[in-house]
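Good morning, and thank you for making time for this presentation. Please have the sequence and the model open as I speak.

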Amino acid sequence: MAVQDSTNEDNTDSDNQQPQDQDDDDIDINPLHIAIEEQHNQPNTNSSVSESLQKHHIASIDTTLLTRILPSQGLSFQLWPAATTLVNFLDRHLTDPTTSPLSNLLTNRPYHSLRILELGSGTGLVGIAAASVLGANVTITDLPHVLSNLRFNAELNNKAIAFRGGCVDVQALRWGEVEDFEGLVVDGPFDAVLGSDVVYYEELFEPLLKTLCWLLSDGGVFLMAHLKRWKKESGFFRKARKVFRVEKVHTDAPLQGSRNGVVVYSFASKK
Ligand SMILES: C[S@@+](CC[C@H](N)C(=O)[O-])C[C@H]1O[C@@H](n2cnc3c(N)ncnc32)[C@H](O)[C@@H]1O
């Protein structure tokens with residue numbers, strides 16, 4: 001198994017598979033779209049699975065997290081640039097809480113009582129970093145076929161997660177599926193929901209928003225890292241603004257070869 005260092009600068013495995021910024025809804029030639037089609041139409045049963053471990057240094061806790069990526073298995077098994085941005089964002093919260101938009105949420109709350117859920121977790125890095133950095137109780141979720149890799153990655157980082165008193169639970173959550181949601185909120189809704197690179201497929205806009213409304217507590221926040229690829233994504237934000245106050249809280253420098261950088265948004269309930 002190969003070991004790679006993963007930062008915004010040298011995250012080459014996943015970045016090379018990202019489409020360039022486009023003006024049109026040119027989805028037919030977009031590699032991400034092709035990957036999504038593959039995932040939805042036929043789960044990969046290829047027996048020659050390539051795998052490697054990526055290293056992610058978390059400066060605020062001076063710890064290196066490890067995640068297994070399985071690029072040949074599809075888009076859920078890779079780390080996308082938005083995830084790296086969200087991890088860096090969480091990392092900076094601990095080093096400079098005064099300027100962090102997370103501070104409002106965390107004021108007067110012991111971190112270990114924070115209940116956080118990550119949706120569309122992929123490799124699980126964002127949720128694992130949140131548990132490790134904040135010492136929070138984090139549920140990482142994805143489609144059922146992604147869960148064994150999520151469990152593997154949570155187990156791989158159990159010492160880092162426990163260091164500040166955090167914990168990670170792995171659960172299935174298919175957006176818009178009420179039976180998945182019901183099992184997750186038996187202890188109540190979540191203080192924060194995290195998501196990176198979860199807005200890309202028009203048919204999922206409504207189920208994703210419905211899921212957020214179900215999961216978030218009053219006063220809770222959805223932090224979403226997003227790299228704009230297609231104009232149609234504005235449809236997601238239009239729908240979201242009907243139920244949430246949406247603010248940009250951070251913008252990365254453009255990715256190499258793109259006009260866009262990853263943006264972190266906060267969504268707060270209008271209720
Ligand atoms: C582009 S990947 C991003 C993965 C990870 N968040 C990251 O940034 O590295 C999108 C993720 O959303 C998940 N996903 C797609 N459709 C979903 C659905 N209907 N319900 C739940 N998760 C879904 C995929 O399995 C995948 O892990």
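Two remarks on conventions come before that. This is a predicted model, in which local features need pLDDT of at least 70 and side-chain atom pairs count only at pLDDT 80 or more, while totals for chains, interfaces and linings use all residues. Residues are numbered from 1 along each chain as its sequence is written.

The chain has 10 helices and 10 strands. Here helices (H or I, at least four residues) and strands (E, at least two) are DSSP runs, numbered from the N terminus. Of the 271 residues in the chain, 39% are buried. A residue is called buried if 20 or more other C-beta atoms lie within 10 Å of its own, exposed if 12 or fewer, and partly exposed in between, with C-beta atoms placed from the backbone. As for contacts, two residues are in contact if their C-beta atoms, placed from the backbone, lie within 7 Å. Among contacts with a separation of 6 or more, 73% are between residues 24 or more positions apart.

Let us turn to the strands. Two strands pair if DSSP finds at least two bridges between them. Right-handed is meant as follows: with the strands pointing away from the viewer, the path from the first strand over the helix to the second runs clockwise.

Strand 5 also pairs with strand 6, residues 167–172, again in parallel, through 6 bridges. There, Asn137 has Cys167 as its bridge partner. How many residues of strand 5 are buried? The count is 6 of 6. On one side these are Asn137, Thr139 and Thr141, and on the other Val138, Ile140 and Asp142, so both faces are covered.

Strand 4 has a further partner in strand 7, residues 190–196, with which it pairs in the parallel sense over 3 bridges. In this pairing Ile116 stands opposite Ala192. Strand 7 is mostly covered, with 7 of its 7 residues buried. Strand 7 is joined in turn to strand 8, residues 216–226, by 6 bridges, and these two strands run parallel. Val193 stands opposite Phe222 in strand 8. The chain goes from strand 7 to strand 8 by way of helix 9, and this β-α-β crossover is right-handed as well.

Next, the core. A nonpolar core is a set of buried Ala, Val, Leu, Ile, Met, Phe, Trp, Tyr and Cys residues joined through C-beta atoms within 7 Å. The largest one has 61 residues, and those with the most contacts inside it are Ala83, Leu86, Ile116, Ala129, Ala130 and Val193. Helix 5, residues 125–134, supplies the largest share of this core, with 8 residues. Because 10 of its 10 residues are buried, helix 5 is largely enclosed by the rest of the structure. After helix 5 comes Gly135, whose phi is positive, near 65°.

Apart from neighbours within four places in sequence, Ala83 is in contact with Gly122, Leu125, Val126, Ser196, Asp197 and Ala225. Ala83 is also among the residues that come nearest to the ligand, together with Ser76, Gly120, Gly122 and Ser196, out of 20 around it. A residue is counted as near if its C-beta atom, placed from the backbone, lies within 6 Å. The shell divides into 11 nonpolar, 6 polar and 3 charged residues. In this count Ala, Val, Leu, Ile, Met, Phe, Trp, Tyr, Cys and Pro are nonpolar, Asp, Glu, Lys and Arg are charged, and the others, Gly among them, are polar.

Finally, two aspartates. Asp197 is not a glycine, yet its phi is positive, near 55°. Asp197 lies in the loop between strand 7 and helix 9, residues 205–215. Is Asp197 buried or exposed? It is buried, because 26 other C-beta atoms lie within 10 Å. Asp62, also not a glycine, has a positive phi of about 45°. Its place is in the loop between strand 2, residues 52–58, and strand 3, residues 63–69. Asp62 counts as exposed, because it has 7 C-beta neighbours inside 10 Å.
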